[in-house]
Amino acid sequence: MTIETQLPAEGNVGGHVFDVDSRTGFMPPKPPIPRLPAMWEDWESMLDLAIAAKLKCGDQVGLTPEDAANSETWRAQARKMPVLPVNSALTSCPILLRRAHLVLTFLLHFYVQTLPIDAPILIPRSISIPVLRVSQQLDIPPLLTFSDTVLYNWEFKSPPITPDAGEEAPALDNLRSQALFSGLVDEEEFYLCSARIELRGVEALELMRQTMDEMFVGDEIAVRRISGYLQTMVGVINELKTLLLDVRKQCDPERYYSLVRPWFRGQDSDLKKRKWVFEGVKEEEDLVEPTELSGPSAGQSSIVHVLDVFLGVDHQSKTPDKPSFMSRMLTYMPRNHRLFLKHLSANPRPLRPFVVSTQDQELLECYNKAVLALKEFRDAHMIIATLYIIGPARRAARALAAKDAEIDSGHEPTPPGKDREPLKGTGGTDLVKFLKDTRNRTGATMIPSST
Ligand code: HEM
């Protein structure tokens with residue numbers, strides 16, 4: 001078997017069939033279209049209106065009656081919108097479909113998250129029917145995903161001026177986001193941090209391809225070359241970690257926690273455990289009620305999954321009937337990226353057993369360094385999660401407890417963390433336990449030198 005059958009090359013890391021580009025990886029090679037054709041203008045203009053109205057989440061601290069009225073005015077207009085067609089002009093064009101998913105899921109989250117905190121969640125037909133149809137076509141869940149906020153939500157800050165404009169990967173500092181909920185730079189930087197990691201990760205994809213090529217040969221020279229590729233990969237993963245930590249430069253943790261993150265909540269992180277009811281779904285024969293409704297998480301980023309698969313990190317659930325968060329996140333990725341990962345996982349010559357079988361000390365050390373770099377990426381990720389979620393959540397709980405105590409001074413306030421539910425990630429995980437687990441599983445992948 002040639003490498004092409006394992007990881008199609010042809011100047012394209014994963015081949016066109018997988019939508020993985022040799023310059024931009026899982027990001028599309030050109031900026032995604034910024035607007036749908038006129039037939040779907042109502043969706044686009046509702047999104048423009050929502051952004052211009054600076055809508056606020058229904059549970060935002062300090063929400064005024066005017067804010068609440070402002071969002072009800074927008075929601076009333078959204079309910080009146082006609083149910084626009086998801087016809088063959090749309091379904092035959094993946095570029096249009098992706099933009100439609102982005103626009104509709106932004107509308108969906110604007111609608112749901114601006115509702116008063118105790119109102120039932122009834123998504124109007126004008127949004128529910130098209131978002132279900134478009135998602136069905138794309139084979140992803142009908143809510144905001146990482147691909148809507150990051151992969152298909154960018155443009156150039158300034159048009160590239162090189163003669164090869166359009167042929168090169170965008171410079172990491174020349175990106176901006178197309179759509180934002182809050183309009184804040186903090187939100188944009190949160191998305192762009194992931195976009196930069198996707199772009200920088202392309203080199204890792206190429207190193208994987210070369211490694212797999214050499215594993216096919218498998219002789220002594222190949223082993224030396226693989227050691228070299230793994231050493232280069234350590235540098236790339238370290239840079240991904242730096243890019244992750246750089247999110248602190250322009251994304252403020254408190255603003256992220258209180259003004260950005262609430263927009264991402266899916267059904268499974270709803271504070272009141274409300275069900276999302278998609279109006280009209282029962283009447284349409286071709287549609288089914290959605291079951292996967294977790295908010296967007298960079299856990300849906302294919303680049304991190306690819307590194308795990310390549311290095312052999314096992315994220316499988318220990319309970320057979322319950323799929324792990326990591327495998328559940330596959331269903332939120334663009335279908336072709338999911339297929340690419342499946343393809344890689346099915347590789348008949350995985351790297352880790354190969355390294356063990358060679359009993360080559362240098363190769364083993366290089367492999368372990370690459371795994372260690374990924375573990376350190378996850379250490380950094382835990383620092384970020386603590387800074388952006390755990391810390392602000394504790395402070396918010398303390399403030400709430402103090403307020404309760406003020407109102408009802410006869411009662412002792414509940415200390416933060418005590419008798420409270422564990423903190424949930426946007427993907428609905430018990431985030432502290434989960435992130436420690438993925439980090440520990442990565443560390444445990446290293447090969448002891450006596451093996
Ligand atoms: C402010 C920035 C970030 C915060 C606060 C954050 C927070 C979280 C949280 C809470 C989870 C738990 C899963 C969930 O329920 O959603 C998670 C998972 C994950 N995040 Fe992030 N994240 C951030 C940035 C990133 C970036 C830039 C990446 C890389 C592209 C990334 C990659 C992942 C991955 C791969 C997972 C799955 C768990 C794992 O592999 O360890 N995150 N993140």
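Residues are numbered from 1 along each chain as its sequence is written, and side-chain values use heavy atoms, with hydrogens and water left out. Because the model is predicted, local features need pLDDT of at least 70 and side-chain atom pairs count only at pLDDT 80 or more, while totals for chains, interfaces and linings use all residues.

The ligand contains an iron atom, and His381 is its only protein donor. The donor atom is NE2, at 2.1 Å. Donors are N, O and S atoms within 2.8 Å of the metal (3.2 Å for Na, K and Ca); water is not among the atoms, so sites may look incomplete. Histidine 381 belongs to helix α16, which covers residues 361-407. Helices (H or I, at least four residues) and strands (E, at least two) are DSSP runs, numbered from the N terminus.

Histidine 381 places a polar side-chain atom 2.8 Å from a ligand nitrogen. For threonine 438, a polar side-chain atom is 2.7 Å from a ligand oxygen. Serine 297 has a side-chain N or O atom 3.2 Å from an oxygen atom of the ligand.

The shell around the ligand holds 26 residues. Arg378, His381, Gly427, Thr429 and Thr438 come nearest. By class, the shell has 14 nonpolar, 11 polar and 1 charged residues. Here Ala, Val, Leu, Ile, Met, Phe, Trp, Tyr, Cys and Pro count as nonpolar, Asp, Glu, Lys and Arg as charged, and the others, Gly among them, as polar. Four helices each supply at least two shell residues: α8 (185-200), α13 (325-330), α16 and α17 (431-443). Helix α16 gives the most, with 5 residues.

The ligand sits in the largest cavity. On a 1 Å grid over the protein atoms alone, a cavity is a set of points where a 1.4 Å probe fits but cannot get out. A molecule sits in a cavity if more than half of its atoms lie within 2 Å of its grid points.

Two non-glycine residues have positive phi. Aspartate 139 has phi near 65°. This residue is in the loop between α6 (125-138) and α7 (146-151). Aspartate 139 counts as partly exposed because its relative accessibility is 36%. Buried means under 20% relative accessible area, exposed over 50%, partly exposed in between (1.4 Å probe, protein chains only). Lysine 273 has a phi of about 55°. Its loop runs between α11 (253-260) and β4 (276-278). Lysine 273 has a relative accessible area of 61%, so this residue is exposed.

Further residues were compared by sequence separation and C-alpha distance. Leucine 199 lies in helix α8. With 8% relative accessibility, leucine 199 is buried. Leucine 199 is 176 residues from arginine 23 in sequence, and 7.7 Å from it in space, C-alpha to C-alpha. Proline 124 occupies the loop between β1 (121-123) and α6. Its relative accessible area is 4%, so proline 124 is buried. The C-alpha atoms of proline 124 and glutamate 279 are 5.5 Å apart, across 155 residues of chain.

Glutamate 254 is in helix α11. At 34% relative accessible area, glutamate 254 is partly exposed. A C-alpha separation of 18 Å divides glutamate 254 from alanine 401, 147 residues apart along the chain. Lysine 424 lies in the loop between α16 and α17. Lysine 424 is partly exposed, at 35% relative accessibility. Lysine 424 and phenylalanine 106 are 318 residues apart in sequence and 22 Å apart in space, C-alpha to C-alpha.

Conventions:
Near = heavy atom within 4 Å. Polar contact = N/O pair within 3.5 Å; in protein donor to acceptor, adjacent residues only side chain to side chain. 1 Å grid on protein atoms, 1.4 Å probe; cavity = no way out; pocket = protein on both sides within 12 Å on 5 of 7 lines; lining within 4 Å.
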